[in-house]
Every structure is written in structure tokens, then in C-alpha cells.
Amino acid sequence: MIRTRADYPLAETQPGAVTGKRGKSLPEITLDSVLAGDVTMEDLRITPQALQAQADVARDVERPTLALNFERGAELVEVPQDFIMQVYELLRPGRAKSKEELLEAAATMRDTYQAERIARFIEEAAETYAARGLFTFRF
Amino acid sequence: MIPKLNRWKRFADWDERPLRLDKFAAEDPANGFSAFSSPADPKPGIAIKGGRVVSLDGVLEHDYDMIDRFIARHHIDPEVAPEAMALDSATVARWLVDMNVPREKLVRLAHGMTPAKLAEVVSQLNALEIAFAYSKMRARKTPGNQAHVTNAKDDPLQLAADAATAVAFGFDEIETTMRVSRNAWSNAVACAVGGAVGRWGTLFQCSSEEAEELRIAMAGFTSYAETVSVYGTEKSFTDGDDTPWSKAFLAAAYASRGVKMRCTSGAGSELLMGFHEAKSLLYLEARCLCLQRGMGVQGTQNGGIDGAPLTATIPGGVRELMAENLIAVWLDLECASGNDARSTESEIRVGAKILPYLIAGSDLICSGMGSILKYDNSFNPSLINGEELEDYLVLQRDFEADGGLTPLPESRAIELRERAVEAIAAVFEELGLSTPTEDMKTSVVYASGSDDTRSLTPRDVSFISEAIKERGITVIDVVKALANRGFREEAENLLNVVKLRLSGDYLQTSAMIRNGRIVSAVNDPNDYLGPGSGYRVSEERRLQLNDIRDVLDQKEVLRSEALHEKDEARHIRYRNLGPAANGSANDDVVIGISPAFGLKLYRTTAGHRLSEVLGAMLDAIQARGLKARVVRFRHTADTSFLGLSAARLAGSGIGIGIQAKGTAVIHQRDRQPHNNLELFSNAPITRLEHYRALGANAAAYALGEMPEPIVVPQRGEAMGSRYHARVALIYAIETGLTEAGAAPEEVEVMLTGAKS
């Protein structure tokens, strides 16, 4: 189902359909359920589905680049924090010493996390860094 | 002999003004000091082959630097570009200020425009046109505002109290940072708790190192980030230790954690970093903004930011800051429009800087305003700070412009500060982090700034902060702690903010929370199409904006006069002796008093008792051996006519006219009404000795002398702003008692001489 601006805001138009990572929906996350110990941080994490829905809305209101960012974000939801920070670090100037290091990270994104858009994005960076000599050593 | 000087003293006066602390830089494009255009700026241009941008602003694809490459691949829409780039820039500039050309049409064209084209178009607008175009082009209809909440000690009690205060003033976002970087976790918890007092929905950011900031967000304490900086030259970018790809990756990472994010860019950053390529500030900034749209961030913190003070030293620099903000909103980005770093020591320049944004509106007018005192601002002082926040409230009222804030009654502020301090102390106790004493808490509640507090020190805070981090405390622990200690409402409020990240609704462009609901460019799009459209201040909102403190009304004037009435009754008695006769003796001087003098009104605007004023004048006249009569006029309340009528009754032909508010005149029988002998028009600064001298001069004129006129010295006080509201209300009481044709009444005055 492709969402449109008419579905926005999702938390108001379909709160029951908005869920966290463990499937708990917005109306189920209450102060009492928190106090009962039924809510963890995992219940308060956005899902790839929610990000895709926001991407649909963004596209419907003529914001295609924002939609793409939400879609890249959707691919990163399942990627562990440490690996995200590792890839971020690798994308900074001079961290990767060769194009291959970035291509390897891209491959992991693609193969392990099915993050196709992110993988292509990292490959594009690798190509650019090679063209601009960014694999030089920085002290 | 008076010596000749080598300078006009006015320049010496000017040297002493705060303005002269500002330094101004010469225009020098080769060294990067040019606001709008430089010989090194490229001409706009684009070539597209097979859907691919093969040339951008005169640079061929194989020569692209990283920024060109990113813009060509991710910003430019090849479908729109040929049409958009072929348009005459002057025509597009006119469309920007044409209320009949809808925003959507211009936004679509921007998708196909290069940085040089965007810069060329907005360069054609003057400052007023830029402000107007900004108002029309900004993405969300309803304006908002952001506050800085920091203090010089990283004291979490004060952070909580100040966060609660900022929330109550109506800020939509609050941003904190630290003096000591390891205190980030404590700052985050303190502001999250304080920001949950009173209402829910204020978004919160803790500006810290990139990885740490993301970790704090993942623990649920913060809800947005904006310190993801981008730059307009490749060298600045890599010197800033990032690339467009690393920053875009970070943007996706924030989205994946359900955290709102915007980038930051602003004129002057490349110049400060030494890699400006001799390009103009606006062109470099246009590159930054195209980059941000390409990255797919929803918004930007833009408008000089840390580079604003430098930009403001350059000719046209302040206009440039407005122009770059216009490009941001034209590119359909949320704009947190700067007005943060204090770009001048001149209060006039501060007011002038903020005004266009206040009347045009902006997603976040300041990013942010110092809600705390200048010395407590850990970012550096803001354009407007805690010291001047009331000035801003009054500007809103003056222009009936919604700057996002609402006046806060003092009693409510104290109540919220107490609650916030108790809440954060309870959380710390419950989690075993610290046990703040009663004295600590009390010192914070009433403190204007950290100089006034006896609270936790930066070292104490480091232990708290590191414990929060090491123990992996999350927002769920804090919500539980609040509820367990009876702060149920605050617990609910905090939970509501974290729940925002589930739907991701607030990740859309220009999202904020108002009255518990999402308001963004999606469901509150700016629909300006001329007067009557776009954002309008509703009557309800207008009344809120008007509700500043200490507002004078007639009731207030009558109340204070009623207080004086009892006091005056102990000093003077007036007895009406019937119709006043024409005097014939040469020693007869008449003092004409106004209708309400001593009957309804009892003090001059300077605060002198009317009994003392009258007594001083009578004494002075009698001291010259003359006789003074007091006559009340009821046919007029006008000073000139009071004086002239008095003079006509006086045997000497000399009369004094005086109103209850203290304005007085010496008049002579045969003169024109407004051609008096002496006028004392500045009642608020007229002292008792002046009234005594006035009596003496009236006597001197009656004796045929030519005395030195009395000059009441004024030092340029804005008398009208200080007194005219009261004067108008008082004068209405006088005129209300006038009666056409009412005869003058002889009044016997008995000064009882009681001491107050």
C-alpha cells in the first residue's frame, strides 16, 4: 500500500497500525505498560515499514530526495549501531586507505543487511573518493 | 582662550558607543570578503546528456569536485533543469515576490537549478523583497522558535528549571550543550526532564560529538539533531573531517533511529576555515544548500550561524544572511534561520537583524535564542538572550507578529521552576545518581543565572553523567523514576515525546508539535497567495501576544490615584468660594488650576504632591510681596488656556496655568494663547524647585521685571514612551470634568503642613 498525504500524520490517522520493533502499537505503549515493565527501548524504535510509509508521503508531497533518505534509513534500521558508526567513520576523509575498503563495507551492507541503496551509495562514495584522491594518508 | 582641538567631539562620543566594538571589513573578493558576487563565481549553466548532468556551472563532469558531483547526482532533477535554467533570472526573481505565483511552481523550478543560478536570482532582490519572498516561500505556515538551554556550570538542576521555563515561553525546540564534553549525558537527562514539565511536545537536542550525540538519541533522551555541518568547498569539507557522503550517511542513520535531523551551514564558514576559493558567500552557501537537498535532509540550520558575526562585518553581509535563508526555503528545506550567534554589540543592529524574520515568520526564527543569560550560554551569546527576551515579546506585540513566544507570568515561572527542580532531583535520587540538598534546589529556583546558584559543580556533574552512560540508563528508566516519585504528568509528557519516533511523522519537513499534535509542511503547508492567506495571527493568538506584564489601563491609574487621595487629604484642603472676580490690584497674581486638580488627581507625573507644588508657587509669589489667588477653571483643561484665563483674571495681568499632571505655564493677559511667557511642558522631570522658580518668575513679570527664564534640563529621555500612556489616561479624567461655559471658581487653599 502506498501512503499519501491523506494518511499523514500516521500516528493520528492509524495509531493502531503504528508499531515498534516488537509489534507493540502506539495505543499499547502507555505509562502503565511502561511501569508494568512491558515496554523496552526496542518498543520505541522506528520500523522500516514506518520509514517506507513516510517515504511514500514525502514523495506524494513532491519531496523525492527526502523520500530517498527515508528509504536509505529504512535499510539501516536493522543494522547494528556499531557497524553504522564503523561505516560512518570509514566514509570520513582519509579513513579508508583504498577504494576496496569501502567496497567491502558496501558488500556487507548488501549481503548481510539487504541494504541495497546504502550499498550503492557507499560505492558511489568509493568512486568519488578515488577520483578526488581522498584515500591519502591523514596524520 | 579655548584651545582648538584636532577632532570633532561627536566622533569621540561615537567612539564610546557599543557599535564601535564591532569591527568592519573591507570588501575584498580575492580574499573571500564579498557577500553577493565575486569575479571567481561561475556563471550559471548546465548541460545534460542522456539524463546525466555532464556540466554544472561551467565545470565539466570529469573536473567535478565532490560537491559538484553530489549536487549533479542527487540535487539536480534532469527533467526540470533545462526549463529552469533557461528562464531569465530577473523573471524568476519577480516570481519570487509575486503573490500570484504559487510556491509549488517555484519549488519545482528550484529542483532544476544550479547553485550559481539560485544565487543569481536571489541577488536581484533587495532586503525587503527577500523578507517578503521568504515569508511566501517558507515551507510550514505556522512560525516557530528554538531556545538554547545551557549554563556555565553544566548544573542539571538549573538546566531542568531553565528548560521548563523555555517550554513555558513557547519554544518549539530546545538545544543544550556542555562546558565539559563528558557532561553530555547529564545535560541530556536534565533538559529532557525539565522539558517535560508543564506541557509536552518541545523537541530537544543535545549538541555533542557525532557518535555520542547519536548514542544519546538512541537512549531516548533527545528527539532531534542539527549539528551535521556541511561546507561549500571541498577543502573546507574535508578539513571539517567529513564528505557529502559521510554526512548523507549520517542523515540516513538518524532517520533509521527515528530521530529528526537537519544539517547546518552558513556564510562565512569557508572563509573562517581558510578555503573560500575567492568565491562569494552567497554562491558557496547556495552550494551547501543544494547539497543538503540532495542528501535528503528535511531541513537546515542556516543563516551564517557561527559565521554570522564574520558575515556581518562585510558590506551587504546581513542582507546576504537573509538571501541564503531564502534559497533554503526555496529549496523546500525547513529553515532554522540563524539569528543565534550574537553578530554585533549594537542593540540597534540586533533589533534590525531580527525584525525581518519576526514579521516574515520562519520555521524556527532563532536557532536558537538564548533563553538563559549571556554568560550562561555555552554556545556563545545569542542574538537575543535571557536579558533581552522581554524586548522580543514586546516586538511581537508592536508588530502583531507571531515570533513563537508567549509572555509568561512570574508566578507561573516560579511554579514551573520549582516543579522542574523537584522532578530532576527525584530522578537523580531514584536512580541513585545524586541527592541535591534543599539549599541547592532553592538557589536554582529563584536564580536568574548560574552566578546566583549554590548547586552542583561541573565535577559533581561529571560523576552523574558518566554513571548515566556507563549504567546504560535510558529514557524508560527516567520515565519510571518520575512516575514512582509522583511526577506522573511529567512521565507521560516524556513518554509522549519518545513515542513520536515510532510513526516518524515528525521526520517530515518542518515538523513541530503544537497542542500535542504534529504540525509540519505536510499538514500545515504555507499557502500564501496574498493578503488574507498564509499565516495570520488569530484574535486568540493576538490577545496572547498582547498580554505582556505591567500594562497600564484606566483602572490602574484610578487605583493609584485613590491611594494618593488619602495621603493628600492630610496635606491640603480646597474650599470653593464661589465665582472668581476680576482682580484690579497690581499685586494680584492668579494661579489657574485644572478641573481635576486635587479633586480626582493628586500627583504630578514626576510624583510630587499637588499640595507641595501649589505651596511652592504660592510661597514664591508671596515672597516678592505679591498676593496669589487660586482659581479653578472648569471650561478648559488645556494648559495654555488655563494660563491665559488666569492672567485675564489677575489684576497684574500675569497668571499661572497648571494641570494636575504638572504641566504649567506663565501667561500674560494680552498674549496669544500659545505665545506664553514660559512653558514647563516636561512635567515628569520638573522638580519642586522648578515650580518654586516658576512662582518667582511669575511674580517678577508682575513687578515688570525681565527674569531669566527657567529651563528644565532634559537629557533626551524618551518622555513619550515613559509617560504618555499615563498622561493620556489622566488627561481624559481632566477633560471629562470640563463643562462648556463653566465659570471660574475662587478656591481657598489650606495647606495643613502634615508630614508624610
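The model is predicted.

Start with one of these pairs: select E234(B) and R132(A), which form a salt bridge with their closest N and O atoms 2.8 Å apart. Then widen the selection to the elements of chain B that touch chain A. Those giving two or more residues to that side are α2 (66-75), α10 (210-218), α11 (234-239), α12 (244-256), α14 (281-295), α22 (475-484), α23 (488-503) and β13 (517-519) of chain B. Colour α12(B) separately: with eleven residues, α12(B) gives the most to this side. Colouring by class shows 29 nonpolar, 19 polar and 19 charged residues on the side of chain B that touches chain A.

Now show both chains together. In contact across the interface are 67 residues of chain B and 64 residues of chain A. About 5600 Å² is buried between the two chains, and carbon and sulfur atoms give 60% of that area. Polar contacts link 30 residue pairs across the interface, counting pairs with both residues at pLDDT 80 or more.

Next, move to the largest pocket, whose volume is about 890 Å³. To centre the view, select T165(B), F169(B), L408(B), E410(B) and A413(B), which of the 29 lining residues are the closest to the pocket centre. Then display α8 (156-169), α18 (389-399) and α19 (410-430) of chain B, each of which supplies at least two residues of the lining. Coloured by class, the lining of this pocket has 16 nonpolar, six polar and seven charged residues.

Notes:
Residues are numbered from 1 along each chain as its sequence is written. Chains are lettered from A and ligands numbered from 1 in the order in which they are written. This is a predicted model: local features need pLDDT of at least 70, side-chain atom pairs count only at pLDDT 80 or more; totals for chains, interfaces and linings use all residues. Side-chain values use heavy atoms; hydrogens and water are left out. On a 1 Å grid over the protein atoms alone, a cavity is a set of points where a 1.4 Å probe fits but cannot get out, and a pocket is an open set with protein on both sides within 12 Å along at least five of seven lines; lining residues have an atom within 4 Å of a point. Grid points are joined across faces, edges and corners, and a volume is the space filled by probe spheres set on the points. Helices (H or I, at least four residues) and strands (E, at least two) are DSSP runs, numbered from the N terminus. Ala, Val, Leu, Ile, Met, Phe, Trp, Tyr, Cys and Pro count as nonpolar, Asp, Glu, Lys and Arg as charged, and the others, Gly among them, as polar. Contact means heavy atoms within 4.5 Å. Buried area is the accessible area (1.4 Å probe) that two parts lose on being put together, summed over both. A salt bridge is a side-chain nitrogen of Lys or Arg within 4 Å of a carboxyl oxygen of Asp or Glu. A polar contact is a pair of N or O atoms within 3.5 Å; within protein, one must be able to donate a hydrogen and the other to accept it, and residues adjacent in sequence count only if both atoms are side-chain atoms.
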